[in-house]
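The sequence and the model come first, and my entries follow.

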Amino acid sequence: MTTLADTRREYEHDSLSKNQLNENPFTQMQQWLEQAQKANLKDATVMTLATAGKDGMPDARIVMLKQFDESSFCWYNSYASRKGQQISENPQACLLFYWREFEQQVRIQGKVEKLSAEEADEYFHSRPLGSQFSAAASQQSHPISSRKALQDRVDQLIQDNPDAVSKPDDWGGYRLTPVTFEFWQGRASRLHDRFTYTLDEAGKWVITRLQP
Ligand SMILES: Cc1cc2nc3c(=O)[nH]c(=O)nc-3n(C[C@H](O)[C@H](O)[C@H](O)COP(=O)(O)O)c2cc1C
């Protein structure tokens, strides 16, 4: 087996220049996301969500992007989870997308706020019923004695009402409003293309090339 030190590949799929980039980072993001979706990439819409609570210890996990518009990125989870606790202490986060086949990475930093209970309710009930029961039975990120104890909770909910389940009060969505974006395109010999978008004082996005 190849050693870790000797594991590498070249990134030669594409290049990125400033004049190719859309002046609006949301439009640029939409183009890259659509490219990944059209190629039917597995997990094209998952992103790593990085947070840090009041202790400052960085943490990260994958979540699914569920809405995306001209101003924000949204996902759903339990507010009582570890990430929920961290976001309540420090409502800032970083989202990271990586599309391996296109050798592209997007990094987005921003401010986080809760979606409304109505939005959460609508999305919760749009999910397959099995996922709704699982979300209702699980106190996300909290310890449980066994798999059986978890399954028993699901079974109890199904027994109570097999056709419907209420959204738990502490289950809902977050919206991240970006303050910076970075688009990364892998290039040969590690001379990658990187561009950040930051907001100037007038609220206009400014594009800057970074060294790889
Ligand atoms: C592909 C994939 C998609 C996931 N999507 C979500 C999601 O949309 N929401 C969520 O709460 N957890 C999702 N998870 C699970 C999280 O990575 C994580 O285990 C969970 O949210 C608990 O994180 P926490 O303890 O940091 O709060 C996903 C995991 C994977 C691998």
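Predicted model: local features only at pLDDT ≥ 70, side-chain atom pairs only at ≥ 80, totals over all residues.

**Entry 1: the chain as a whole**

My count of the secondary structure is five helices and nine strands, where helices (H or I, at least four residues) and strands (E, at least two) are DSSP runs numbered from the N terminus. Residues are numbered from 1 along each chain as its sequence is written, and side-chain values use heavy atoms, with hydrogens and water left out.

For the extent of the chain, I found that its C-alpha atoms fill a box of roughly 60 × 55 × 40 Å, taken along the principal axes. Of the 212 residues in the protein chain, 38% are buried, and I use that word for under 20% relative accessible area, with exposed for over 50% and partly exposed for what lies in between (1.4 Å probe, protein chains only).

**Entry 2: around the ligand**

Which residues surround the ligand? I listed Val46, Arg61, Ile62, Val63, Met64, Tyr76, Asn77, Ser81, Arg82, Lys83, Gln140 and Ser141, a residue being near a molecule if one of its heavy atoms lies within 4 Å of it.

I then looked at single atom pairs, keeping in mind that a polar contact is a pair of N or O atoms within 3.5 Å; within protein, one atom must be able to donate a hydrogen and the other to accept it, and residues adjacent in sequence count only if both atoms are side-chain atoms. From Met64, a backbone N or O atom lies 3.0 Å from an oxygen atom of the ligand. Ser81 has a polar side-chain atom 3.3 Å from an oxygen atom of the ligand, and for a polar side-chain atom of Gln140 the distance to a ligand oxygen atom is 3.0 Å.

The ligand on its own has 620 Å² of accessible area, and the protein covers 65% of this; such areas come from the Shrake-Rupley method with a 1.4 Å probe, and for residues only the protein chains shown count as cover. E2, E4 and helix H2 (82–89) are the elements that give two or more residues to the shell around the ligand, and E2 gives the most, with four residues.

**Entry 3: the largest pocket**

I next turned to the pockets, which are found on a 1 Å grid over the protein atoms alone: a pocket is an open set of points where a 1.4 Å probe fits, with protein on both sides within 12 Å along at least five of seven lines, and lining residues have an atom within 4 Å of a point. The largest pocket is lined by 21 residues, and those nearest its centre are Tyr76, Asn77, Arg127, Gln140 and Trp171. Two or more lining residues come from each of strand E2 (58–64), strand E4 (73–78) and helix H4 (129–137), with the largest share, four residues, from H4.

**Entry 4: two residues of strand E7**

Where does Tyr174 sit? I found Tyr174 in strand E7 (residues 171–185), and with a relative accessible area of 3% it is buried. Tyr174 and Tyr76 are 98 residues apart along the chain, yet their C-alpha atoms are separated by 6.3 Å.

My last stop was Arg190, in the loop between E7 and strand E8 (193–199). Arg190 counts as partly exposed because its relative accessibility is 36%. Between the C-alpha atoms of Arg190 and Lys204 I noted 31 Å in space, for 14 residues in sequence.
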